[in-house]
Amino acid sequence: MKKTLKIIPLLGAFSVLVIGCAVSNMPVGGPIPHTEIKDGLYEGHATQGPVKAVARVTIKNKQIKGIELKEHRTLKGKSAENVIPARIIQDQSTNVDGVSGATMSSIAIMNAVEAAIQKAK
């Protein structure tokens with residue numbers, strides 16, 4: 001009985017840690033606010049755990065027309081480099097489906113593009 005009582009607080013602490021980590025892995029963006037952004041070239045930076053992304057975003061006619069990854073430091077998330085920018089442009093949203101096996105890279109790229117969009121306002 002005493003061992004069970006000692007384990008309960010540890011399980012609670014572990015649950016808080018897991019939930020806290022899961023929340024921090026969420027992309028920060030959403031649909032592009034077309035009426036609020038200005039045409040131009042903007043750069044955004046984001047870090048997600050060990051992954052870093054720098055995106056240069058081209059906005060023309062108040063829409064994302066191009067995304068160039070200037071930097072993408074990752075161990076195994078290279079598969080997200082072409083997929084995520086294409087999805088962002090297609091959906092005109094910085095919150096798109098991530099690439100399986102490249103979750104941190106997917107989120108870092110989305111957040112870097114979102115940071116660029118924020119500069120376009």
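Strands β1 (residues 40-48) and β2 (residues 51-60) run antiparallel and are joined by 9 bridges. Strands are DSSP runs of E with at least two residues, helices are DSSP runs of H or I with at least four residues, and both are numbered from the N terminus. Two strands are taken to pair if DSSP finds at least two bridges between them. The model is predicted, so that local features need pLDDT of at least 70 and side-chain atom pairs count only at pLDDT 80 or more, while totals for chains, interfaces and linings use all residues. Residues are numbered from 1 along each chain as its sequence is written, and side-chain values use heavy atoms, with hydrogens and water left out.

K62 is found in the loop between β2 and β3, and its phi, near 65°, is a positive value in a residue other than glycine. The relative accessibility of K62 is 38%, so K62 counts as partly exposed; the classes are buried (under 20% relative accessible area), exposed (over 50%) and partly exposed (in between), with a 1.4 Å probe and protein chains only. A positive phi also occurs at Q92, another residue other than glycine, where the value is near 50°. Q92 is placed in the loop between α2 (80-91) and α3. Q92 counts as buried because its relative accessibility is 12%.

The protein chain has 121 residues, of which 36% are buried. Its accessible surface comes to about 7,400 Å², and carbon and sulfur atoms account for 60% of that surface; accessible areas come from the Shrake-Rupley method with a 1.4 Å probe, and for residues only the protein chains shown count as cover. Contact means heavy atoms within 4.5 Å. Among contacts between residues at least 6 apart in sequence, 53% join residues at least 24 apart.

A86 lies in helix α2 and, with a relative accessibility of 43%, counts as partly exposed. The C-alpha atoms of A86 and I67 are separated by 8.1 Å, the two residues being 19 residues apart along the chain. In helix α3 lies I107, which counts as buried because its relative accessibility is 5%. The C-alpha atoms of I107 and G29 are separated by 9.8 Å, although 78 residues separate them along the chain.

M104 is also placed in helix α3, but at 35% relative accessibility M104 counts as partly exposed. Between the C-alpha atoms of M104 and M26, 78 residues apart along the chain, the separation is 9.4 Å. When neighbours within four places in sequence are left aside, M104 is in contact with Q48, G49, P50 and V51.

M104 is also one of the residues that line the largest pocket, together with P50, V51, R73, T74, L75, K76, G77, G101, A102, T103 and S105. On a 1 Å grid over the protein atoms alone, a pocket is an open set of points with protein on both sides within 12 Å along at least five of seven lines, and lining residues have an atom within 4 Å of a point. About 170 Å³ of space lies in this pocket; grid points are joined across faces, edges and corners, and the volume is the space filled by probe spheres set on the points. Helix α3 (residues 103-119) provides the largest share of the lining, 3 residues. By class, the lining has 5 nonpolar, 5 polar and 2 charged residues, where Ala, Val, Leu, Ile, Met, Phe, Trp, Tyr, Cys and Pro count as nonpolar, Asp, Glu, Lys and Arg as charged, and the others, Gly among them, as polar.

Terms used: 1 Å grid on protein atoms, 1.4 Å probe; cavity = no way out; pocket = protein on both sides within 12 Å on 5 of 7 lines; lining within 4 Å.
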